[in-house]
Amino acid sequence: MSYHKLPKDDTQHQNHLDGAINLLTGNLQEEAERAGLDNNFQRWIEDLKDANNPELHQLVVDLQELKAHFGGGSIDKNIVGRLLHRLGTATSKAAIFAENPNTADRIGKLGEALTAAAGQVQGGQTTPEQDLQQDSSQNR
């Protein structure tokens with residue numbers, strides 16, 4: 001007997017998006033200390049992979065890095081802030097790929113929540129130029 005994974009419908013994706021938005025708009029420090037954060041990241045990664053869109057690959061990579069960072073113990077607010085900001089920008093742009101307008105709206109809100117969370121973590125907002133500069137300095 002083989003197992004066939006049933007594709008998620010828009011309602012399931014919307015529920016996952018709502019969950020991610022709620023997680024990000026809460027107290028991130030508390031969320032990081034709670035069990036289940038890893039599961040939220042994994043659902044989010046799976047939803048992006050299910051979309052089977054190469055344009056979303058960097059989102060998957062960044063989410064996997066964020067998930068690994070949270071699972072690693074100590075949290076570096078600069079790394080988390082940079083990843084959240086980059087995810088926010090990319091997620092907002094990815095809303096155009098959603099076929100359902102309700103899903104697209106939630107993806108846009110998730111992008112905003114990610115960017116706001118980056119500011120919460122870093123204690124202020126960063127610009128894309130600052131992210132690039134920080135990325136460049138870390139890759140030397």
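What is the mean pLDDT of the chain, and what percentage of its residues reach 70 or more? This is a predicted model, and its mean pLDDT is 80, with 81% of the residues reaching 70 or more. Confidence is lowest in helix α7, residues 128-138, where the mean is 54, and highest in α5, where it is 92. Where pLDDT is low, the predicted coordinates should not be read in detail.

Helix α1, which covers residues 10-25, has 16 residues and reaches 22 Å from its first C-alpha to its last, close to the 22 Å expected at 1.5 Å a residue. Its buried residues are His 13, Gln 14, Leu 17, Ala 20, Ile 21, Leu 23 and Leu 24, and the buried residues of α1 pack against α2 (28-33), α3, α5 and α6 (101-122).

Helix α4 can be read in the same manner. Because 15 residues at 1.5 Å a residue should span 21 Å, the 21 Å between the end C-alpha atoms of α4 (residues 57-71) agrees with expectation. Leu 59, Val 60, Asp 62, Leu 63, Leu 66, Lys 67 and His 69 are the buried residues of α4, and they pack against α3 (37-50) and α5 (77-94). After α4 comes Gly 73, whose phi is positive, near 105°.

Within α4 lies Asp 62, which counts as buried because its relative accessible area is 2%, under the 20% cut-off. Leaving aside residues up to four places away in sequence, Asp 62 touches Leu 83, Arg 86 and Leu 87.

Methods:
Residues numbered from 1 in each chain as written. Predicted model: local features only at pLDDT ≥ 70, side-chain atom pairs only at ≥ 80, totals over all residues. Heavy atoms only, no water. Helix = DSSP H or I, 4+ residues; strand = E, 2+ residues; numbered from the N terminus. Expected span 1.5 Å × (residues − 1). Buried < 20%, exposed > 50% of the residue type's maximum accessible area, 1.4 Å probe, protein only. Contact = heavy atoms within 4.5 Å. pLDDT = per-residue confidence, 0-100.
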